[in-house]
Amino acid sequence: MLYPVLCQLAFSSSLPHLCPKDQAHALLQFKHMFTINPNSSHCYNPTTLSWNKSTDYCSWSGVHCDDMMGQVIELDLYYSGLQGKFHSNSSLFQLSNLKRLDLAGNDFSGCSFHLNLIILSSYMETVDLYGLRLEPYNFELLFKNVTQLRDLDLDFVNISSAIPLNFSSYLTSLWLPRTQLRGVLPERVFHLSYLSLSSYSLTGPIPSNVSGLQNLQALFLSSNYLNGTITSWIFSLPSLMHLNLSNNSFSGKIQEFKSKTLYSVVSKQNQL
């Protein structure tokens, strides 16, 4: 009965976060699962080297906690030189309040990731898994189980899956270039703010009757097999700032954009 009270008293003072100890233990267990290879990338970021039990885990590099209860809510472990297998019983899954996870640029070779394991909580908001490998069927689970997800970056992740038809209404940013995503573009993807699907495998035309777009600011669809005319609604979006439709099979005329500050690459390798 006194445990929650003592925790709150500790967190409200200037003392280090002594509770809950399971947060620090889970992080150290996760660290010890891997070796550190400082030569893994020219962008090497020695994040986990500062992790040790003699200091407050909320002060560790790459670890971000909430101010009230000392729960880990963000982990920035990009290019940390982590090398080894990511197991399904990883202690990382004990961090149930984690909202943002960045594991980009690490070497988890020999392991096919399961997104239903990587996405630790239905409240996860941002996930960056640049360069990892996923099993295709688990890609669908991401959009079914994680209702609060806002930003997803799977650049260079070999998904080799069909693009989902439905996304969470919370999702605003979807970066999936070089993922071998395939299929026909659903209308729903154009209601995002930032969309990158330069995956070399999308087919068919861009939907011609998409309406109600208020937030689309960046659209990258280069190096696919898209065809038909470039639909007129794209040229009338006042919020669109970045556009790349190169290396497709579009035909027809390019209209004048209403946005005068738009950076666009449209005509390369298209019949325009």
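Predicted model: local features only at pLDDT ≥ 70, side-chain atom pairs only at ≥ 80, totals over all residues.
Which residue in β11 is the bridge partner of Val184? The partner of Val184 is Thr203.

**The parallel sheet**

- Four strands form an open sheet, in the order β9-β11-β13-β15, and their pairing is parallel.
- The edges of this sheet are β9, which covers residues 183-184, and β15; each of these strands pairs on one side only.
- Strand β11 spans residues 202-204 and runs parallel to β9, to which two bridges join it.
- Within β11, Thr203 is the residue that forms a bridge with Val184.

- Most residues other than glycine have a negative phi.
- Ser223 is not a glycine, yet its phi is positive, at about 60 degrees.
- Asn247 likewise is not a glycine and has a positive phi of about 60 degrees.
- Ser223 lies in the loop that links β12 (218-220) to β13 (225-229).
- Asn247 is found in the loop between β14 (242-244) and β15 (249-251).

- Is Ser223 buried or exposed? Ser223 counts as buried because its relative accessibility is 16%, and the cut-off for buried is under 20%.
- Asn247 has a relative accessible area of 28%, and it is therefore classed as partly exposed, a class that lies between the buried limit of under 20% and the exposed limit of over 50%.

Methods:
Residues numbered from 1 in each chain as written. Heavy atoms only, no water. Buried < 20%, exposed > 50% of the residue type's maximum accessible area, 1.4 Å probe, protein only. Pairing = 2+ DSSP bridges.
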